Amino acid sequence: MGISTFLESLLGDMSAESVTEVFVLVMLAIFAVAILQGRKGRHDLFLEHAPAVLVSIGILGTFVGIVIGLLDFDA
């Protein structure tokens, strides 16, 4: 079984709602850590890259949602 077959079966078994919840929870966790570390005045490098990481996770979530939506598409 190849990696593409594995990913297709993994994504095919997931619902769009569960994938959305995972991505939102990960983004909220990163945001919360960035806020807490910013208030403590530590981890400047993390705070500098947190916005880019959040945007990247959002874009990844968008493409995962498109892939899940197109798995059952039949032209």
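Okay, let's start with Gln37: setting aside neighbours within four places in sequence, Gln37 touches Arg42, His43 and Leu47, where contact means heavy atoms within 4.5 Å. Gln37 sits in helix α2, and helices here are DSSP runs of H or I, at least four residues long, numbered from the N terminus. Is Gln37 buried or exposed? Gln37 counts as buried, at 13% relative accessibility. For the cut-offs, buried is under 20% relative accessible area, exposed is over 50%, and partly exposed is in between, with a 1.4 Å probe and protein chains only.

Quick housekeeping. This is a predicted model, where local features need pLDDT of at least 70, side-chain atom pairs count only at pLDDT 80 or more, and totals for chains, interfaces and linings use all residues. Residues are numbered from 1 along each chain as its sequence is written, and side-chain values use heavy atoms, with hydrogens and water left out.

Back to α2, which covers residues 16–40 and also holds Met27. Met27 is partly exposed, with a relative accessible area of 26%. Beyond neighbours within four places in sequence, Met27 contacts Leu54, Ile57 and Gly58. Met27 and Ile57 are 30 residues apart along the chain, yet their C-alpha atoms are separated by 7.2 Å.

Now the helix pairs. Two packed helices are described by the angle between their axes and by the distance between the axes. The axes are lines fitted to C-alpha atoms, for helices over the stretch in contact, and the angles run from 0 to 180 degrees between N-to-C directions.

How do α2 and α3 pack, and at what angle? The angle is about 175°, and the axes are 10 Å apart. On the α2 side the contact includes Phe23, Met27 and Gln37, and on the α3 side it includes Leu47, Leu54 and Ile57. By class, this contact has 17 nonpolar, 4 polar and no charged residues. Nonpolar means Ala, Val, Leu, Ile, Met, Phe, Trp, Tyr, Cys and Pro; charged means Asp, Glu, Lys and Arg; the others, Gly among them, are polar.

The other pair is α1 with α3, residues 44–71: an angle of about 85°, axes 9 Å apart. That makes α1 roughly perpendicular to α3. Glu8, Leu11 and Gly12 of α1 meet Val64, Val67, Ile68 and Leu71 of α3.

Definitions and conventions: Helices (H or I, at least four residues) and strands (E, at least two) are DSSP runs, numbered from the N terminus. Angles under 35 degrees count as roughly parallel, over 145 as roughly antiparallel, 65 to 115 as roughly perpendicular and the rest as oblique.
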